[in-house]
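This report walks through a few features of the structure shown below. Keep the sequence and the 3D view open while reading.

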Amino acid sequence: MAAAARLVLRTASGAKALRAGLGWLGSPIRVPHAAAHFTFHPDPVPTRHGPTQKMNLFQSITSALDNTLSSDPTAVIFGEDVAFGGVFRCTVGLRDKYGKDRVFNTPLCEQGIVGFGIGVAVAGATAIAEIQFADYIFPAFDQIVNEAAKYRYRSGNMFDCGNLTIRAPWGCVGHGSLYHSQSPEAFFAHCPGIKVVIPRSPVQAKGLLLSCIADKNPCIFFEPKILYRAAVEQVPTEPYLIPLSQAEVLQEGSDVTLVAWGTQVHVVKEVAAMAQEKLGVSCEVIDLQTILPWDTETVCKSVVKTGRLLISHEAPVTGGFAAEISSTVQEECFLNLEAPITRVCGYDTPFPHIFEPFYIPDKWKCFDAIKRMINY
Amino acid sequence: MQPNITRRCEQRCAAKMAALMHFGKLCRIKIRAIGQSSSFKGSPTCLLRRTFSIYGCLSQQTFDSPSDKPQFPGASAEFVDQLEFIQPNVISGIPVYRVMDRKGQIINPSEDPKLSKETVLKFYQKMTLLNTMDRILYESQRQGRISFYMTNYGEEGTHVGSAAALDPSDLVFGQYREAGVLMYRGFPLDLFMAQCYANADDLGKGRQMPVHYGSKDLNFVTISSPLATQIPQAAGAAYAMKALNSNRAVICYFGEGAASEGDAHAGFNFSATLECPIIFFCRNNGYAISTPTNEQYRGDGIAARGPGYGMMSIRVDGNDVFAVYNATREARRRAVAENQPFLIEAMTYRIGHHSTSDDSSAYRSVDEVNYWDKQDHPISRLRHYMTARGWWAEDEERSWRKQSRRLVMEAFERAERRLKPRPDWLFTDVYDEKPAGLQKQQEALQSHLEQYKEHYPVDLYDK
């Protein structure tokens, strides 16, 4: 049922949307759109992994999938509409290159897609399943939580579906409303046995996705869809791995630790600059990258140093993953904390359409929170 | 005079118009984000083509083509000019394939699989050994020696008949009432018992409830409690078998109640559209716990759903081990050769309670149960067949009963004496490697137990 109602998402990000031009019927369509709530700044060009090429996030995903299909003859990619290239173009060209038995459409049924992927993995092949929007992953919740996550444990390690990776577009997109905007990572964070990974950029996306595919545990890989086209940087064309369960300190600082993942990393990077400029506050910015199992060590080490922690995510605040981080840091760093840990998150409402600019935990909300923490 | 090109355009037209109507009236269409980027190299041409075809279709609307075939992409069918709903045929349903009658006599000699005496004796011994194990473990649960049990009474024939028709390398996905398949494949009594007792010999490391068996060596995927989840998984495994060119098939067992789950729909549809070498084996035993089939479905059972998915389907007498064997063997042969799914619905009756947590007399009559137990049982039917051939007599029956009982009791006692697995096993296999956070939790339990061990049953567990 959920899948039946899905709509067009014509664009992936603010400014580019207006340039996108022709729509479905070939007539020019202008999508009303607020300015993007973040600015993407590419990381320095990686030099360790050989030649690079300019890619946006969807192209870096394709590159990772291409590398996988070429090196692993058992790997298959499937989901709704992946054959013609995917509704976000992540699988463009792969079917032509690797054949229709390896890149194929499934019927429109999420529980089937994940169940099928588990089966492929149990039989020893590499399964890369796509759920068209993270919002539509819930029909597969049972297969993910009761089956994929528990396969190895319940069989005493006789059977496992470690070769399964589930990819899904994730996060807000400006106008996605209730069912093209969700960030469901916290639902899965409560489920031992799976890994949940979210990249912030094309380089991270490729390296982390390849790690998910190589990892011997079922992984959910959420792709911030607003970055599919907006984020462009130099990405190595050869395969490379970025380790899971390892947060990355993007910017060192001494006064406050800022933790985020996905698009929100770019928001808090900007907030760090604002805090420096307007308040003279030095922020340490951490991209968590892996939600489960998460890197407590890097986060706690940072908070021991700064004494303050702000966690920010798009998902609703109650039961969001910031609560887990906050509680753990409070346990581990009680003597170092100089202010209450602050969560700047989505409100406890469904994700709204026209009110999106007011809903999201944007840079001004984060900035204000820092101001209050510093003055605590 | 309609050249092909016009026909193709009409097809496109039909698709596009259908899409437009859906979008306007039902808002149920999923519109793809095509041609959204100016950076996409192929898009200008692509968009031009699209524009052309749309306007081409609109102009085609005025074209009047009399009495031709429907061009809808969704189905291949003729037009009909009278309103008539298709009526389900539930009074006279899909017939039940049977090879021998209730007295064990072959009805149609051309359908006799003509199995050797040795094979038939194996069928009989596996079915009766399972029956003996069921009785002993059921009783042991009543005495509180194991926590839970589910018997296989009345369904032994479906297990053994189908298992015998498979290649040992074929992968089995089950529900929980298919222990006879493992029995047929040679799973040791000790391991059945180890699983139910969750002792240190259990291959599953004592983590699951009783009867959740699994065996990597015997290609029997570990059972889990959530119903029907194995159905789309089995389809995926079958797809992998096909892709790996392994000449293996997958069989997937489930009850008629589980067939109501969404996952059953998913598995059937996926295996048909993705052309998977799989046999779906439904045990229709009349009940899902207390729910009779007339509260489970209103069509002609499960077999009638197969053709709706484009799946070859058959209904067999589940109390006739030869009928089950024949159907499974042919389905297996064709599934592997043709890469397509088959559905077998084995009609049977759940003679025992649903489980040890259920008293079935609360919702069905003892007479009904007695009929199936005494008049139409897979074990007694096969015994008639063997007796008629002089392959089995009262003496052999008596000595086999004694022997099988002894085998089961010995395994039972060994299992009961064995310690439980190390408590450490609570923490392993969640992931392939233990995450740091989980390692800390394990250490916390260890130090807790050092301090409070008198409050825990540590002596029952391996050190």
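What volume does the largest pocket have?

## The largest pocket

The volume is about 1,100 Å³. The model is predicted, so this value and those below are computed from predicted coordinates.

The lining of the largest pocket counts 35 residues. Nearest the pocket centre lie A:Leu292, A:Pro293 and A:Trp294, together with B:Gly437 and B:Leu438. Elements from chains A and B give two or more residues to this lining. From chain A these are α7 (185-189), α11 (296-306) and α12 (321-332). From chain B it is α13 (436-452). The largest share belongs to α12(A), with seven residues. By residue type, the lining divides into 14 nonpolar, 10 polar and 11 charged.

## The seven-stranded sheet

Chain A holds an open sheet of seven strands with mixed pairing. Its order is β3-β2-β4-β5-β7-β6-β12. The edges are β3 (103-105) and β12 (290-292), and each of them pairs on one side only. On average, neighbouring strands are turned by 20° against each other, direction ignored.

At one end of this order, β2 (residues 76-79) of chain A runs parallel to β3(A), and three bridges join them. Look for A:Ile77, which stands opposite A:Val103 in β3(A).

## A helix across the strands

Is β11 of chain A largely enclosed or open? Five of the five residues of β11 (residues 283-287) are buried, so the strand is largely enclosed by the rest of the structure. Side chains in a regular strand alternate between the two faces of the sheet. In β11(A), A:Cys283, A:Val285 and A:Asp287 point one way. A:Glu284 and A:Ile286 point the other way. All of these are buried.

Which strands pair with β11(A)? Strand β9 (residues 248-251) of chain A pairs with it in the antiparallel sense, over three bridges. There, A:Glu248 has A:Asp287 as its bridge partner. Strand β10 (residues 256-260) of chain A runs parallel to β11(A), joined by five bridges. In that pairing, A:Val256 has A:Cys283 as its bridge partner.

Technical notes. Residues are numbered from 1 along each chain as its sequence is written. Chains are lettered from A and ligands numbered from 1 in the order in which they are written. This is a predicted model: local features need pLDDT of at least 70, side-chain atom pairs count only at pLDDT 80 or more; totals for chains, interfaces and linings use all residues. Side-chain values use heavy atoms; hydrogens and water are left out. On a 1 Å grid over the protein atoms alone, a cavity is a set of points where a 1.4 Å probe fits but cannot get out, and a pocket is an open set with protein on both sides within 12 Å along at least five of seven lines; lining residues have an atom within 4 Å of a point. Grid points are joined across faces, edges and corners, and a volume is the space filled by probe spheres set on the points. Helices (H or I, at least four residues) and strands (E, at least two) are DSSP runs, numbered from the N terminus. Ala, Val, Leu, Ile, Met, Phe, Trp, Tyr, Cys and Pro count as nonpolar, Asp, Glu, Lys and Arg as charged, and the others, Gly among them, as polar. Two strands pair if DSSP finds at least two bridges between them. Axes are lines fitted to C-alpha atoms, for helices over the stretch in contact, and angles run from 0 to 180 degrees between N-to-C directions. Buried means under 20% relative accessible area, exposed over 50%, partly exposed in between (1.4 Å probe, protein chains only).
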